[in-house]
Amino acid sequence: MRSYVEETGFFGSITAEELVSKYGTPLYVYNENIIRERMREVARVITKYPYRANYSMKANSNLTILKIAHEEGLNADAMSEGEMRLLLKAGFENDRIFFVPNNVSDEELQFAIDHDIMVSLDSLDQLELFGKLNRGGKCSVRINPGVGAGHHEKVVTAGKKTKFGIAEEDVDKIFEVAAKYDLTIAEINQHVGSQYLDPEPFLQAVENFLRIADKFKDLEYIDFGGGYGIPYHKLDDEARFDMDSFTGRFTALLDDYVARLNGPIPLFKSEPGRYCVAEGGVILGRVHATKQNAGHKYAGTDIGMNVLARPTLYDSYHEIEILRNGKAVARDNMEEINVSGNICESGDLLAKDRLLPHIETGDIACVLDAGAYGYSMSSSYNTRPRAAEVMICKDGNDRLIRRRETYEDLFSLFPDET
Ligand code: LLP
C-alpha cells in the first residue's frame, strides 16, 4: 500500500494541513466510516447462534465513539466505575453493559449492583465479596482457560503466568461460594490476550473454555473475550485477520458445544476493542527538528510517549506517513531514521531505525492505527496537556469530539488554585 490515508480518503473533505492549522498538534483524527465498518464486522463473527459483540471501551473511550458503538447495536464492556458511568452517559442501557473488573473495591462493585449491571468476578475472593454485597444475585465468573495469546507478554491475559481469572482446578470452589451466598452463575467469561493475527491459541482456549463450560448449568451467556488483531504493518501489505475462516472454525467449536448441551443455548458474546477502532484513528504531529547524532538520524516530533505510549511500553510498531504540501511523500528515496517525541526520556521513540522517506523540519508526521489504546492511554507527563480529538464524520466533515486539555485544566487539581 502506498499511502493509507490517501487510499482510504481518511481526512474526508479537509486536508491534514488544514486540520492541523485549525486544531493544532498533536491531534488525534478518527474516521467514522472506518470505525462503523469495523464494528459491523465484529457484529457478524457468529451468525448461526445468538451472538452479541461487546465493544471493549478501554481501547477508546471517547463519548462520540461510544455513541457510535451504541448506534451500531453493540453491547459494551467496562473495566471500572468510570467506564460504566461513561457508557451510561453514552446511552447504553444497563443490560447492554458488562462489568469485567479485577481487584475492585466494595464501592465499585456496589455501583454495578445498584445499576443492575452484570459483573464478572475474577477471583474466588471477589466472588465472595460480591456474595456478601448481593446475596441471591446473578453474576459471571472469569475463567482462565489455560492458554494465552497476544503481541507482547504484557498483554497476554490467560495461561500459566497471569493475574487474571479463576483456574480450572478451582471451578468446584466457585460452586461452593455460589451456594454459600445463593448466587446464580449465569455467565462465564474469558479473555486470552490482545492483538493476535494467528487464531490458533484463541481457538485452543475456546475449546478448553467450552469443556469447562460443561460443568456449569443453564448458562445464559458465554463470553469469549476480545483480542482480534489488526495489520499494523499495513504499508507493507500485511495480511488482515482472516475473519471468514475464523468464523468457520469458531462456529464449528460452538456446534460441538451445542450438540452436547443439555438445556437452552446461551447467548454467545465477544469483547473486541482494538479491532473496532485502531484503524479508524491516526495522530497528526509536527516535525520540529531533524538532526544527526553519532551517525544516526533523528526526526523530533510533538508525538511523545505522553501522546502514544505503545511504542515505548511494548516496542509496538506503528506505520508513519510523512505529509508535505498536502500529499503523502512518496516511499522511495528511503533512509534509516529514528522518530522521537518531545519527552525527556530516551525511550521516547515512535520508531527506531525505520526506513522512511527523507524527513524535513516542518513536515507533518501521521502515525497510523492509533485509534486503539492511543488517547485512552495518553498522559500529561512532562506537564503537556493531552491532545485534541477530531472526527471525520460520515459526510466527510470534521468535528471536534474532545477539546485539547489546557494548562488551566491541569493546574485546577491543586487545591490552592481553585
Ligand atoms: N476484554 C478484556 C477483559 C480485556 O482485558 C481486553 C483488553 C479486551 C476485552 C479487549 O481486547 P482487544 O480486543 O482490544 O485486544 N494496551 C494494550 C492492550 C491491552 C489490552 C487489555 N485488555 C495495547 O496497546 O496493545
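Trainee: Which side chain does E200 meet in a salt bridge?
Mentor: R249, at 2.7 Å, N to O. A salt bridge here is a side-chain nitrogen of Lys or Arg within 4 Å of a carboxyl oxygen of Asp or Glu. Bear in mind that this is a predicted model, where local features need pLDDT of at least 70, side-chain atom pairs count only at pLDDT 80 or more, and totals for chains, interfaces and linings use all residues. Residues are numbered from 1 along each chain as its sequence is written, and side-chain values use heavy atoms, leaving out hydrogens and water.

Trainee: And how many salt bridges are there by that rule?
Mentor: The count is 32.

Trainee: What about E279 and R38, how do their side chains meet?
Mentor: In a salt bridge too, 3.0 Å from N to O. E279 sits in the loop between α11 (274–277) and β11, and R38 in helix α3 (residues 32–43), so this pair ties together parts 241 residues apart in sequence. Helices (H or I, at least four residues) and strands (E, at least two) are DSSP runs, numbered from the N terminus.

Trainee: Is E279 buried or exposed?
Mentor: Buried, at 1% relative accessibility. R38 counts as buried as well, at 14%. The cut-offs are under 20% relative accessible area for buried, over 50% for exposed, and partly exposed in between (1.4 Å probe, protein chains only).

Trainee: Switching over, what does E17 pair with?
Mentor: R286, through a salt bridge of 3.4 Å, N to O. E17 is in helix α2 (residues 16–23) and R286 in strand β11 (residues 281–293), 269 residues apart.
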